[in-house]
Amino acid sequence: IRDRVSTQSTWGAVRVGYTQLRFGMSLRKPIVIYYHTACKGFTGRADGLLMMLEHVGTPYDCVEVSELPADWPCFAPPMVALPNGKIVCQTPACMMAVGKDIGCFPNADDEAHAMQVALNSADILAEFVAAKKKSPEDLAEYSSGRLQKWLDNTEKVLGVANSGFLIGDKLTYADFMMYMTLQTVPAEACASFPKVSAWRTMMAELPKVKAFKAKGIPLLPNS
């Protein structure tokens, strides 16, 4: 009887494995995003992660920051738990790690350039939010001044790739990271940058990104 049960269990496992392969199912753990309000009240700096995961169709969970293991050395959200159990924080690092895990990752020769663009995006977002918090006048000054330099830089990045994407010839985490930031910029601020404008339109029209945005979750609280 014991041998029969063992044999049945073995064949059961084989059948389950075959079914998973046949229908594309997986037993891998979902990616977990730790963020304020579990991304229900606003998406903030987790927005790029959410758009990328939605685009690829990768299972994920969003939970409150309080659920992060207490002994893990992370400072501020978002934090991401990968299927291998590792937890990462700092938005560019989260984007890179998740992008690599789900296939939104550049070729080896472009890895450093992709991280450069992701760090540019983090700088722009921090500056834009700081100016917006001060006053409408500060935001207008930033939008017509320093932001134009960043947009010119991004225009040149698109020119180097010459593919419609920021890095190489495919969507990578760098595209979703930069779009997280530049979606907040008024269209008129991008008027002098045709490549940036076309790229923003392309990103906004990605079907699953568009569907996610249609849920109406604000990017920032009280916005």
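Cys190 is buried, at a relative accessible area of 1%, where buried means under 20% relative accessible area, exposed means over 50%, and partly exposed lies in between (1.4 Å probe, protein chains only). Cys74 is also buried, with a relative accessible area of 18%. The model is a predicted one, in which local features need pLDDT of at least 70 and side-chain atom pairs count only at pLDDT 80 or more, while totals for chains, interfaces and linings use all residues. Residues are numbered from 1 along each chain as its sequence is written, and side-chain values use heavy atoms, with hydrogens and water left out.

A disulfide is a covalent bond between the sulfur atoms of two cysteines. With a disulfide taken as a pair of cysteine sulfur atoms within 2.5 Å, the count is 0. For Cys74, the closest cysteine sulfur is that of Cys89, at 3.9 Å, which is too far for a bond.

Helices (H or I, at least four residues) and strands (E, at least two) are DSSP runs, numbered from the N terminus. Helix 8 spans residues 194–204, and Val196, Trp199, Arg200 and Met203 are buried in it. These four residues lie on the same side of helix 8 because they cover an arc of only 100° around the axis, the arc being that of the directions from the helix axis to the C-beta atoms. An α-helix has 3.6 residues a turn, so residues three or four places apart point the same way. The packing partners of the buried residues of helix 8 are helix 6 (146–161), helix 7 (173–182) and helix 9 (207–213), with contact meaning heavy atoms within 4.5 Å.

Helix 7 also meets helix 3 (residues 91–102): the two axes come within 9 Å and cross at roughly 145°. Axes here are lines fitted to C-alpha atoms, for helices over the stretch in contact, and angles run from 0 to 180 degrees between N-to-C directions. On the side of helix 3 the contact is made by Thr91, Pro92, Met95, Met96 and Gly99, and on the side of helix 7 by Tyr173, Phe176, Met177 and Met180.

The whole structure holds 4 salt bridges, each defined as a side-chain nitrogen of Lys or Arg within 4 Å of a carboxyl oxygen of Asp or Glu. One of them joins Lys213 and Asp47 at 2.8 Å, N to O. This pair links distant parts of the chain, 166 residues apart, with Lys213 in helix 9 and Asp47 in helix 2 (residues 47–56). Lys213 is partly exposed at a relative accessible area of 29%, whereas Asp47 is buried at 0%.

Another salt bridge is formed by Arg146 and Glu127, whose closest N and O atoms are 3.0 Å apart. Arg146 lies in helix 6 and Glu127 in helix 4 (residues 111–134), so the pair ties together parts that are 19 residues apart in sequence. Arg146 is partly exposed, with a relative accessible area of 44%. Glu205 and Lys210 also meet in a salt bridge, at 3.0 Å, N to O. Glu205 is partly exposed at 44%, and Lys210 is partly exposed at 45%.

Pro78 sits in the loop between strand 2 (60–63) and strand 3 (79–81) and is buried, at 0% relative accessibility. Beyond residues up to four places away in sequence, Pro78 touches Tyr34, Tyr35, Arg45, Ala46, Leu49, Val88, Cys89, Gln90, Thr91 and Cys94.
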